[in-house]
Amino acid sequence: MMFSSLSSKHSAFPFSLSPPTGEVEAPSKTRCEYFPVRPAPTSMAPHGFGGGLNLTAGLRAHRKQKVVRFMEGVSLWMAMLLVLFVQPLYAEANTGNEDSAGVLHFVDGKGRWQEPALVLGSDFDVRVSGLIADSKLVRTFKNTSGDWREGVFVFPLPENASVYGLTMKIGERTIVGEVQPREEAKKTYETARDAGRHAATVEQQRPNVFTTRVANIPPGAEVSIELNYQQLVSYRDGVFELSVPTTLTPRYMPGKPLAAAPQQWQGGWALPTTEVLDADAISPFTVDVDDVAADSHRASIRFTIDAGLALANVSSPSHPVDTQQDGQVFTVEPQAGEIVMNRDFVLRWQAFAGHEPGAAVFHQRWADEDYLLAMVVPGRAGKTRLPRELTFVIDTSGSMAGESIRQAREALHLGLDTLAPGDRFNVIQFNSQPHALFMQPEMATANNLARARQYVSGLSADGGTEMAPALTMALQSQRAVGRMVAVSSESDLAPKVRQVVFMTDGAVGNESALFDQIRRQLGDQRLFTVAIGSAPNMHFMREAARWGRGSYTSVQDPTDISGPLAKLFAAMEAPVLTDIKVSWQGQSASALEDSFPRRPGDLFQGEPLLQVVRGVPPAGELSVSGRLPGGGMWQQRLDLQQAAPGTGLNRYWAREKIDSLLDEARVQAQEPQKAKITRLAVEHNLMSPYTSFVAVDKTPVRAPESALLKDNLPTLLPAGSQPGMVRYPQTATFAPLLIALGLLGLMFSAAITLLQRRAYP
């Protein structure tokens with residue numbers, strides 16, 4: 001299989017095919033010049049030895065000159081042949097821009113595109129009841145080749161999804177999967193695959209990145225994998241929102257490639273690095289929509305919404321939709337029918353004015369245990385506003401090229417418009433390294449704001465995604481400046497809210513290390529995240545804001561960037577509620593340990609407090625209290641006997657419990673309690689970092705002598721991205737190209753050496 005490649009900020013093998021430009025060697029101060037000198041006549045040879053010996057020497061010199069000319073000719077012809085040989089290799093490897101993201105073509109021996117043998121279809125059926133959304137995702141793998149196939153597909157799910165079911169269907173046969181410890185599930189799958197039996201497994205790479213493997217798909221046949229998962233509906237400012245991710249933005253993998261990398265479960269474009277040990281598992285090939293079959297990577301989506309209250313409207317900022325209403329139940333589908341899986345599908349619905357939920361309680365009885373989920377929405381806090389020190393951080397890496405950088409620039413301009421006299425601010429842009437507009441946050445004067453707007457308008461996207469240095473610059477510089485300006489004038493003695501706004505697509509593979517960094521460097525600041533692009537890493541956005549004691553939002557509609565950002569910036573001016581305390585009446589000490597979140601963070605304008613607990617019966621009252629910006633106290637009580645029936649609360653609680661155990665390990669710099677997390681996940685039939693789903697048929701279907709070929713199915717390039725972000729499968733190494741370049745260099749060196757000897761014998 002032939003291939004072509006190019007260097008990329010995401011590549012594990014960055015290299016340059018052309019010498020750096022703009023570097024000129026400094027001239028030497030000492031100059032050496034050659035002057036022509038005529039040879040002495042033969043008659044002037046010393047001591048009379050000029051006759052016979054000179055004839056012999058002349059013949060030898062003539063032969064030597066012919067040999068030298070012959071070698072020169074051979075060297076130059078070989079050099080020209082090597083140029084002709086290297087040119088096709090270079091054409092396949094050349095990008096036209098060594099700093100742009102990489103393209104690695106997957107072609108056959110005649111240079112034709114090779115589409116995956118498996119055609120991928122997806123069907124999402126999402127049913128919303130109150131605050132819980134239950135989804136059924138069916139992936140269909142159709143084998144269009146004449147060989148037995150194993151399909152591998154890395155795909156996204158919502159960042160707060162709880163996967164609780166797996167079913168495999170082949171023809172009339174249905175095999176229900178079960179949860180097993182991760183390594184055990186892997187062995188079960190491999191054993192069944194090698195024995196020629198139908199098998200499927202799904203494992204979690206990140207909270208929002210999963211891998212499906214389907215073994216022994218017969219030639220011309222279809223295998224369907226049904227995945228069941230649930231998630232909590234997002235709610236803010238009276239608007240409910242739910243997202244269906246369909247593709248992944250290629251992530252930047254910092255660190256150096258590991259010398260020895262495992263091969264068995266690899267299939268990504270990146271190799272493991274010192275900072276992202278599983279880089280190969282989270283880097284699926286990303287191709288253009290024209291590089292797959294016309295009926296592949298399409299999805300049908302259907303929403304059924306029963307919010308429990310009358311809705312004013314249902315809309316999507318990402319796709320045109322058709323809506324049907326039956327009482328309080330809404331059915332929503334894309335107008336186009338099937339959609340291309342290159343953009344997240346986002347749906348929003350809103351209650352009639354005055355009917356927004358101020359509080360709600362849900363109850364479920366599962367396995368002889370009571371589970372309660374409460375939502376409390378505090379009232380608005382008025383116009384209290386404190387002076388701020390605000391640092392904007394904008395991602396200008398290669399993954400932001402195209403529509404994303406335009407959105408980010410517009411978002412930053414909107415953020416600058418929110419600054420008022422008395423505020424301080426700075427702008428930091430980062431790609432392979434960070435760069436700040438000012439040495440330290442400056443006052444929001446007209447002149448400084450004009451400089452900032454001009455600076456932002458000139459930003460472009462290119463290079464790597466080194467977030468850690470940018471976070472350090474933003475968080476540590478703010479703390480240092482805060483201490484320095486605190487005594488510079490009386491006006492600066494007023495309390496200031498120190499905030500960082502981080503605008504990015506979150507396309508990084510080392511999320512965990514970044515969360516640790518935020519926790520360590522945050523101090524008394526708050527970090528807010530703005531998700532940019534058509535397929536951002538929402539897990540990073542949500543968790544970075546959570547560890548940063550801030551909030552997050554996403555820009556999904558390119559025509560309405562100001563909408564979600566206006567709400568975020570308004571909420572940032574002052575938190576609505578701090579020092580929040582939650583008390584469940586009659587809860588025991590053990591129940592207190594099973595209430596999440598254990599320490600609720602501050603609430604910002606329009607945000608609800610969500611609290612889930614196990615072991616508390618639906619009796620008595622729930623008390624929620626906090627401190628308002630002006631210093632006054634706020635309190636609200638809920639009658640638990642009025643709790644509405646709920647489903648899936650046990651899975652939501654188990655997910656929160658697992659996340660809490662992982663957080664504790666991160667804070668204490670210890671290994672997570674793997675056995676406890678595994679036991680909890682198996683008990684609630686959930687996928688986790690230490691458990692996977694596996695489904696295996698009992699009867700072998702593939703004969704031992706029949707080969708099993710592996711297909712690593714790609715994801716589609718997110719809409720609005722630059723073509724340079726494409727990541728095609730690599731089927732060979734750069735060795736032929738590098739060897740040819742080395743030989744070419746040796747030939748030219750030999751030719752130059754011979755020519756120099758001829759000119760200056």
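This is a predicted model: local features need pLDDT of at least 70, side-chain atom pairs count only at pLDDT 80 or more; totals for chains, interfaces and linings use all residues.
Colleague: At what angle do α10 and helix α11 pack?

Modeller: Helix α10 (residues 649-667) and helix α11 (residues 674-683) pack at an angle of about 170 degrees, and their axes are 10 Å apart. Angles over 145 degrees count as roughly antiparallel, and α10 and α11 are therefore roughly antiparallel to each other.

Colleague: Which residues make the contact?

Modeller: From α10 the contact takes W653, A654, K657, I658, L661 and L662, while α11 contributes K676, I677, L680 and A681. Sorted by class, the contact has eight nonpolar residues, two charged residues and no polar ones.

Colleague: What is S660 in contact with?

Modeller: If neighbours within four places in sequence are left aside, S660 is in contact with F596 and R598.

Colleague: Another helix, then. Why is α7 described as largely enclosed?

Modeller: Helix α7 covers residues 538-547, and eight of its 10 residues are buried, so the helix is largely enclosed by the rest of the structure. The buried residues are M538, H539, F540, M541, E543, A544, A545 and W547. Just after α7 comes R549, whose phi is positive, at about 55 degrees.

Colleague: Let us turn to strands. How many of the residues of β22 are buried?

Modeller: Strand β22 (residues 369-376) has seven of its eight residues buried, so it too is largely enclosed by the rest of the structure.

Colleague: Which strands does β22 pair with?

Modeller: Strand β21 (residues 359-366) pairs with β22 in the antiparallel sense over eight bridges. In that pairing, A360 has M375 as its bridge partner. Strand β32 (residues 609-614) also pairs with β22 in the antiparallel sense, here over six bridges. There, V376 stands opposite L609.

Colleague: What lies between β21 and β22?

Modeller: The two strands form a hairpin with two residues between them, and in this hairpin A367 takes a positive phi near 50 degrees.

Colleague: What holds the strands of a sheet together, in general?

Modeller: Strands of a sheet pair through backbone hydrogen bonds, in either a parallel or an antiparallel arrangement.

Colleague: In what order do the strands of the open sheet with β12 and β16 run?

Modeller: The order is β12-β13-β20-β16, four strands with antiparallel pairing. β12 (234-236) and β16 (311-315) stand at the edges with a single partner strand each, so one side of each has no neighbour in the sheet. Neighbouring strands here are turned by 20 degrees against each other on average, with direction ignored.

Colleague: How many bridges join β16 and β20?

Modeller: β16 and strand β20 (residues 345-351) pair in the antiparallel sense over four bridges. Within this pair, N313 stands opposite Q350.

Colleague: Lastly, the whole protein: how many helices and strands are there, and what share of the residues is buried?

Modeller: The protein has 12 helices and 38 strands, and 51% of its 761 residues are buried. Of the contacts with a separation of 6 or more, 77% join residues 24 or more positions apart. The accessible surface comes to about 35100 Å², and carbon and sulfur atoms account for 54% of it.

Conventions
Residues are numbered from 1 along each chain as its sequence is written. Side-chain values use heavy atoms; hydrogens and water are left out. Buried means under 20% relative accessible area, exposed over 50%, partly exposed in between (1.4 Å probe, protein chains only). Contact means heavy atoms within 4.5 Å. Accessible areas come from the Shrake-Rupley method with a 1.4 Å probe; for residues, only the protein chains shown count as cover. Axes are lines fitted to C-alpha atoms, for helices over the stretch in contact, and angles run from 0 to 180 degrees between N-to-C directions. Angles under 35 degrees count as roughly parallel, over 145 as roughly antiparallel, 65 to 115 as roughly perpendicular and the rest as oblique. Ala, Val, Leu, Ile, Met, Phe, Trp, Tyr, Cys and Pro count as nonpolar, Asp, Glu, Lys and Arg as charged, and the others, Gly among them, as polar. Two strands pair if DSSP finds at least two bridges between them.
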